[in-house]
Amino acid sequence: MGYGTLLSQGADVDFMIHGVFSYQLFGQTLWITTTHVCALIVMLIIIGFCIAANRMLKHATEVPGGFQNVVELLVEKLDGMVSGVMGKQAVRFRNYIGTLFFFIFLSNISGLFGLRPPTADYGVTFALALMTFTLIRFNELKYQKLSGVLKGLCDPWPIWAPINIIGNLAVPISLSLRLFANILSGTAIMALIYTLLGKIALIWPAALHVYFDIFSGAIQTYVFCMLTMTYIADACGDGEP
Amino acid sequence: MEFNSNFILGCSAIGAGLAVIAGIGPGVGQGIAAGHAAAAVGRNPGAKSDITSTMLLGQAVAETTGLYGLLIAIILLFVQPLVK
């Protein structure tokens, strides 16, 4: 490669996905990457938190204190958010939304702890968006039946159907690209600052971390969950849960 | 015609710079959304939390087009699809 590639090789900017080790499966070389490792760490943290919360709830007290307060606050806020958007459908989806919320939020802020955020890998966000897409289509078929789905596709006139199909297919792509690009841009900017400014980058990048990791991460988590809920509630219509 | 890879990289950098001009649109849009949200809070201060969350959601959706431009720029600079 040439020597003009300052950003990719010369200055050793490090925010790309790296392979940790490779293995063979059905004749293909597959890699365990930093994304897998960081996602596993995030999952372990969530699982540890859940086990601790479960232990605590076994002997919960009438007047909550300490840890129980935190857990109840989190669950209440999440329930309020889900039932505010989904109404009577909320009961069926708050598990999914809650899981999504904690996984995405912890992934987004994991950049603070020196990990590479798993959500800065398109594979992760696209998988999340595909789950949402499957839920949307499944619930649409379940509540509006085939006739309702076809009627929705031919919304103003039947000639509109291809455009509606493209619009439907664009949902998971835009959903995943929004999260991916936001987190990737934050990761890239922080990597550029730390590597290109070198020794000047002391303490003051903390302000940038607050914006790129915490603020942007929280907003994108909220937006992902909110859009997921809106789409699913829209697909369910006003059917009984 | 053969081109030097440095020439292609330079052109890629110009292209990346042009691609992030896409950020103008979402910037204007988010500004308009924030302005209207401020006006709404002025008219009805009680609904501040609802207005804020609606505004943030709308802004994040409006931001998507700008992010597409950013993705093009990142791909041009770091993946370098045009350099063989």
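## Basis of the description

Because the model is predicted, local features need pLDDT of at least 70 and side-chain atom pairs count only at pLDDT 80 or more, whereas totals for chains, interfaces and linings use all residues. Residues are numbered from 1 along each chain as its sequence is written, chains are lettered from A and ligands numbered from 1 in the order in which they are written, and side-chain values use heavy atoms, with hydrogens and water left out.

## Overall build of chain A

Chain A contains seven helices and two strands, where helices (H or I, at least four residues) and strands (E, at least two) are DSSP runs numbered from the N terminus. Read from the N terminus on, the order of these elements is α-β-β-α-α-α-α-α-α. Taken along the principal axes, the C-alpha atoms of chain A fill a box of roughly 60 × 60 × 40 Å.

Of the 241 residues of chain A, 39% count as buried; buried means under 20% relative accessible area, exposed over 50%, and partly exposed in between, with a 1.4 Å probe and protein chains only. Among the contacts in chain A with a separation of 6 or more, 67% are accounted for by residues 24 or more positions apart, a contact being heavy atoms within 4.5 Å.

## Surface and charge

The accessible surface of chain A comes to about 13,800 Å², and 71% of this surface belongs to carbon and sulfur atoms; such areas come from the Shrake-Rupley method with a 1.4 Å probe, and for residues only the protein chains shown count as cover. A nonpolar patch on the surface is formed by A:Val20, A:Phe21, A:Tyr23, A:Leu25, A:Phe26, A:Val37, A:Ile41 and A:Ile45, which together have about 770 Å² of accessible area. Patches of this kind are made of residues with over 30% relative accessible area and no salt bridge, nonpolar side chains (Val, Leu, Ile, Met, Phe, Trp, Tyr) being joined within 5 Å and like charges within 9 Å.

Both β1 (19–25) and α2 (34–58) of chain A supply at least two residues of the patch, and the largest share, four residues, comes from β1(A). A:Val20 has its place in strand β1 of chain A and is partly exposed, with a relative accessible area of 48%.

## Salt bridges

Over all chains, the structure holds two salt bridges, each defined as a side-chain nitrogen of Lys or Arg within 4 Å of a carboxyl oxygen of Asp or Glu. In one of them A:Arg94 pairs with A:Asp79, the closest N and O atoms being 3.2 Å apart. A:Arg94 lies in helix α4 (residues 90–109) and A:Asp79 in helix α3 (residues 67–86) of chain A, so the pair ties together parts that are 15 residues apart in sequence. A:Arg94 is partly exposed at 37% relative accessibility, and A:Asp79 is also partly exposed, at 25%.

A:Glu140 forms a salt bridge with A:Arg137, with the closest N and O atoms 2.3 Å apart. These two residues both lie in helix α5 of chain A, three residues apart, about one turn of the helix. A:Glu140 is buried, with a relative accessible area of 17%, while A:Arg137 counts as partly exposed at 24%.

## Backbone angles

Most residues other than glycine have a negative phi. A:Lys145, which is not a glycine, has a positive phi of about 60 degrees and is found in helix α5 (residues 122–153) of chain A. In chain B, phi of B:Gln80 is near 50 degrees, a positive value in a residue other than glycine. B:Gln80 is found in the segment after α3 (48–79) of chain B, and B:Gln80 counts as buried at 10% relative accessibility.
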